[in-house]
Amino acid sequence: MSQPFEASRSLTALEQDSTIIAVIEMAQSKWLAAAVVPGIKRQPLKRLDADAESLLKLLHRWRKEADQAGHPIRRVVVAYEAGRDGFWLARWLRIRSVEAHVIHPNSIAVPREHRRAKTDRLDTELLLRALLGWLRGEKRHCSMVAIPTIEEEDAKRPNRERDSLVTEQTRIGNQIKAILTRFGIRRFRLKLRKAEQQLKELHSAEGSLLPENTRAELFRHLARLHMVREQIRAIEKARLQKLEADRDKKKSPHAMVHLIARVVGIGVETADMLVNEVFSRQFRDRKAVARYAGLTGSPDESGKRRREKGLARAGNARVRTGMIRLAWRCLRFQEGSALAQWFQTRTADGRGNTRKTMIVALARKLLIALWRLVTTGEMSDGIVLRPAS
C-alpha cells in the first residue's frame, strides 16, 4: 500500500543553496525543463526529447555546474503535472536517487483573465513557483498526488476495463435497437441465445424480410456484442479466482474485498472498485476520505453572500459516481440501518431537491463507514452482513 504523506506541503526543510529544483512541462514528443540551480544566476530552460535518460543527463549537467560554482548538491527535486504519462517517470527517477513529485493540475492557481497568454515557458514558470512554495512548507501553493506502485496501478485495470466494456455493450445494444426501430421492430430481445438465428427470420412491420445491408450490419453488431460479453465474463472469472486464492490472507486487498462484499447490497464489483480506488490508500482522517471522492461541498462566501455551489468534484469521479449509486441501494437493502434512518428523517418533507441533496450526504457517510469497517473493524449501527463463507 502507499505510505501516507502530506499532499499540501513538504515536511522536509528546504536548503535552497544545496538543492536543484526542477519542473517539467511534458508533451508527447518534447519536454521543456526549467530549474533553479544554486550558484547560477540565470534560470535554466531546456527543451529536450521526451526521454528519461536525456532528462537525467540534464540534471547531472546542472549538478556539475552548481558544484563548479561552489554549491555542492545534496538534493535534487523534480516535479511535473499529472497527465497522460502517469507516474512511470516519478518511479524511474526515484530509483535513481532523484526526489520526484507529481503535481495535481487542479491545485495550481492560474490567472482568471478570459484571455491570457499560455505557453510552455509560462507554464514552467507557474509550476516552478508552485513547487517552490510547496517545498518551503507553505500551504495552498499546490498539492501533490500520491505515487502508486506498479502493482497498485495494475490492480485498478480490471475494474476500469470492465466499466469501459459495459459502456461499449450498452452502446452496441442501443445501436441495434435503433436500427430495428426504423423498421417497426421494438420487441427483439438481444439477450436470447438464439438472437442471431431469430434475426435471420425477422420481418419488418410491413411484412418483408430486413434488407440485405441492414441484416449484414446487424450481424456485425451482434458479433461485436458477443465478443464484449465474453471479455466481461473473462474479467469477472479471473477476479473471482484471485479472490478465492487469497481468501486466507487477512491483510491483503482481497481480504478487504471479501469484507465489504459481505455488506448486503454491495457486490464484488463495487467492493473491488472501492478497495483498489480508495481503501488501498492511507488517509489521515475521515475528511480526507470524503475529499478524495469529491463528496465535499464548495462554499462561496464573500461579504454578506453565503451560498453553496454544490459538490467540489475535485476527487475521483469513478468513486463519487459509484458511491452515489450505492447510497440509493443502501436505502433499499439496509433500510433498518442508522444511515438509512438518518436519510429518511431529513427527507421527510418529500421534496425532490431535498432527497437529491441528502443522497450525496448519505454517500459521504456511507463511504466513511466502509473506510472505518476495513481499517478498524468498526461497524455502523444496523448494517446487515451476509454470513461469512
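Reply: Ser97 is exposed, with a relative accessible area of 65% (buried means under 20%, exposed over 50%, partly exposed in between, with a 1.4 Å probe and protein chains only). This is a predicted model, in which local features need pLDDT of at least 70, side-chain atom pairs count only at pLDDT 80 or more, and totals for chains, interfaces and linings use all residues. Residues are numbered from 1 along each chain as its sequence is written, and side-chain values use heavy atoms, with hydrogens and water left out.

Ser97 sits in the loop between helix 2 (88-95) and strand 5 (99-103); helices (H or I, at least four residues) and strands (E, at least two) are DSSP runs numbered from the N terminus. The phi of Ser97 is near 65 degrees, a positive value in a residue other than glycine. Most residues other than glycine have a negative phi.

Arg140 also has a positive phi, near 70 degrees, and is not glycine. The loop that holds Arg140 runs between helix 3 (120-135) and strand 6 (144-145). Arg140 is exposed, and its relative accessible area is 81%.

Elsewhere, two helices meet. Arg239, Leu240 and Leu243 of helix 6 are in contact with Val268, Glu269 and Asp272 of helix 8, where contact means heavy atoms within 4.5 Å. By class, this contact of helix 6 with helix 8 has 3 nonpolar, no polar and 3 charged residues (Ala, Val, Leu, Ile, Met, Phe, Trp, Tyr, Cys and Pro count as nonpolar, Asp, Glu, Lys and Arg as charged, the others, Gly among them, as polar).
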